[in-house]
Amino acid sequence: MSDKHNIVRVSGVTKSFELGKLTVQALKGVDLAIRSGEYLSIMGPSGSGKSTLFNMIGGLDKPTTGKVFIDEVDIAQLDAFELAWLRNRKIGYIFQTFNLIQVMTALENVTLPMTFAGVPEEDAAKKGLELLGLVGLRERHAHKPMELSGGQQQRVAIARSLANTPAIVLADEPTGNLDLTTGEEIIALLKSLSRDRGVTIISATHDYKMLNVSDRVVWIRDGRIDKIEERDQLKITLGGIGAKEY
Amino acid sequence: MDQNSTHNGLFSSGAEGISRQVVLPMRKSLDISIRSLQVRFFRSLITVMSLVLAVAFLAFTLLGHDVAMGLLASGQPSLQSELVKAGFDLAPGRYPGSYEVAASAKDRWIVILSLLVCAVGIVNAQLMAVTERFREIGTMKCLGALDSFVLRLFLLEAGMQGLAGSFVGAILGGITGVLVGMLRFGGPALMYLRFEDVAASMGWSILVGFILSLVGVSYPALVASRMPPVVAMRAEE
């Protein structure tokens with residue numbers, strides 16, 4: 001694992017928000033290196049700065065101080081066009097609320113990032129069907145999001161996140177709006193994608209089911225990294241943590 | 001897209017075989033906007049309604065003027081005196097000895113006012129539409145959409161709404177204008193009505209409506225396109 005390069009590097013990142021006259025420091029200096037191909041979970045209670053850190057890694061937000069490197073490129077240096085390009089090609093996003101475009105069919109949702117990338121329509125449709133097949137929804141490609149269940153919508157979203165073969169897939173509470181069984185299926189799917197395709201998966205979550213599949217877990221507390229646990233460490237302490245939190 | 005050249009090759013490892021670009025072809029944008037309009041059909045109908053009314057009023061006024069001009073140009077004194085009786089002011093025309101029907105200042109202000117009210121209505125409706133679509137816009141941006149894509153989608157939608165609304169408004173207002181003219185002056189109103197005048201009036205009405213729609217949407221569309229994706233992600237349902 002250690003010979004793999006760091007796909008994301010966060011160094012001395014702080015982030016403060018202005019809430020009226022009050023300045024809230026959501027992140028108080030975070031250093032983190034994420035290795036290429038690993039399955040990383042960011043855990044923490046709400047309000048811990050977990051989402052802020054997650055948005056930072058995804059290039060959705062810029063740090064107040066400190067630097068975020070994606071593939072050794074400082075994202076603060078990128079202009080709007082380069083950021084769009086980064087989101088389009090390097091990063092795939094999976095959201096808690098699925099966020100499929102309602103007016104488009106499943107296939108069109110999956111091909112949209114490819115359209116942005118300038119992939120010819122036929123190639124995009126072919127790859128889109130392939131990806132829908134990968135998540136087990138090839139037959140439902142002509143359905144609109146409204147005609148799909150939550151789990152199916154999330155599968156389409158996963159297929160969409162892989163459209164331009166990104167290096168990183170960011171999943172923000174991917175199981176947050178799903179029931180237990182469906183959530184487990186989605187987690188298993190993400191894990192198999194990470195294993196088979198070598199995609200780096202970074203997920204922000206407080207779903208303990210995620211712990212079993214993660215290579216590493218980063219615990220965030222009060223704007224700082226509380227601890228980082230490797231997979232083998234994790235199995236020993238899992239019961240303890242679960243008991244403590246719930 | 002010409003921004004390609006400005007890209008400084010930071011991401012040299014990615015995108016094999018695919019040119020370095022972020023694009024949304026016009027055909028695809030048109031496709032997306034048409035479908036967005038279809039899905040929100042009743043909503044866009046309401047947005048368009050104020051435009052229809054304002055343009056109809058404009059066309060009605062212009063056509064009424066055309067009818068009066070036609071009657072005046074007929075050269076029949078009886079019709080001309082009827083015009084004056086009906087309250088039209090005759091002003092000296094472009095050529096010495098000729099007359100034309102003067103548009104009263106009051107009419108003009110009412111038309112301008114109605115167009116202004118309509119523009120405010122469009123801005124309001126489109127701002128709401130933007131709020132409603134925070135998540136959709138944010139998602140598109142996360143998928144790599146540029147500000148200009150979002151701007152283009154909104155402008156296209158408003159343009160189509162504007163054209164359709166103005167067209168309907170111009171026809172409704174025009175027909176009403178001619179009917180009222182016929183009610184006042186009988187058959188001659190239609191007889192002496194010149195086709196060029198009618199065409200010009202309708203054309204103007206549609207153009208004004210179209211421009212009004214685009215002006216009305218420009219601020220909301222700008223708001224939408226500048227929204228950072230992370231703000232869009234925070235938006236609750």
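Trainee: In this predicted model, how do you know that helix α4 and helix α8 of chain B cross, and at what angle?

Mentor: The axes of α4(B), residues 105-132, and α8(B), residues 195-226, come within 8 Å and cross at roughly 35°.

Trainee: Is that crossing left-handed or right-handed?

Mentor: α4(B) passes α8(B) in a right-handed crossing.

Trainee: Which residues make up the contact of α4(B) with α8(B)?

Mentor: From α4(B), the residues include B:Leu115, B:Cys118, B:Ala119, B:Ile122 and B:Gln126. On the α8(B) side, among them are B:Val208, B:Leu212, B:Ser213, B:Gly216 and B:Tyr219. Contact here requires heavy atoms within 4.5 Å.

Trainee: How many of the contact residues of α4(B) and α8(B) are nonpolar, polar and charged?

Mentor: The residues divide into 13 nonpolar, three polar and no charged. B:Gly216 belongs to the contact, and Gly counts as polar under the scheme used. Tyr and Cys count as nonpolar, so B:Tyr219 and B:Cys118 fall in that class.

Trainee: What else describes chain B, and which elements does chain B have?

Mentor: Chain B has nine helices and two strands, in the order α-α-α-β-β-α-α-α-α-α-α from the N terminus on. Of its 237 residues, 43% count as buried. Among contacts between residues at least 6 apart in sequence, 80% join residues at least 24 apart.

Trainee: Turning to chain A, why is helix α3 of chain A called mostly covered?

Mentor: In α3(A), 11 of its 11 residues are buried. The list runs from A:Ala106 to A:Phe116 and includes A:Glu108 and A:Asn109. Buried means under 20% relative accessible area.

Trainee: What do the buried residues of α3(A) pack against?

Mentor: Within chain A they pack against α2 (80-89), α4 (121-134) and α5, and in chain B against α1 (26-39), α5 (134-142) and α6 (147-185). After α3(A) comes A:Gly118, with a positive phi near 80°.

Trainee: Is A:Asn99 buried or exposed?

Mentor: Its relative accessible area is 2%, under the 20% cut-off, so A:Asn99 is buried.

Trainee: And is A:Thr165 buried or exposed?

Mentor: A:Thr165 has a relative accessible area of 53%, over the 50% limit, and therefore is exposed. Its phi is also positive, near 45°, and A:Thr165 lies in the loop between α5 (150-161) and β7 (168-172) of chain A.

Trainee: How do you know that strand β8 of chain A is mostly covered?

Mentor: Six of its six residues, 200-205, are buried. A:Thr200, A:Ile202 and A:Ala204 point one way from β8(A), while A:Ile201, A:Ser203 and A:Thr205 point the other way.

Trainee: What makes β3 and β8 of chain A a pair, and in which sense do they run?

Mentor: β3(A), residues 39-43, joins β8(A) over five bridges in the parallel sense. Pairing needs at least two bridges, so the strands qualify. A:Met43 has A:Thr205 as its bridge partner.

Trainee: How many bridges join β7(A) to β8(A)?

Mentor: Five, and these strands run parallel. A:Ala171 stands opposite A:Ser203 in β8(A).

Definitions and conventions. Residues numbered from 1 in each chain as written. Chains lettered and ligands numbered in written order. Predicted model: local features only at pLDDT ≥ 70, side-chain atom pairs only at ≥ 80, totals over all residues. Heavy atoms only, no water. Axes fitted to C-alpha atoms, helices over the stretch in contact; angles between N-to-C directions. Helix = DSSP H or I, 4+ residues; strand = E, 2+ residues; numbered from the N terminus. Left-handed = near helix turned anticlockwise from the far one by under 90°. Buried < 20%, exposed > 50% of the residue type's maximum accessible area, 1.4 Å probe, protein only.
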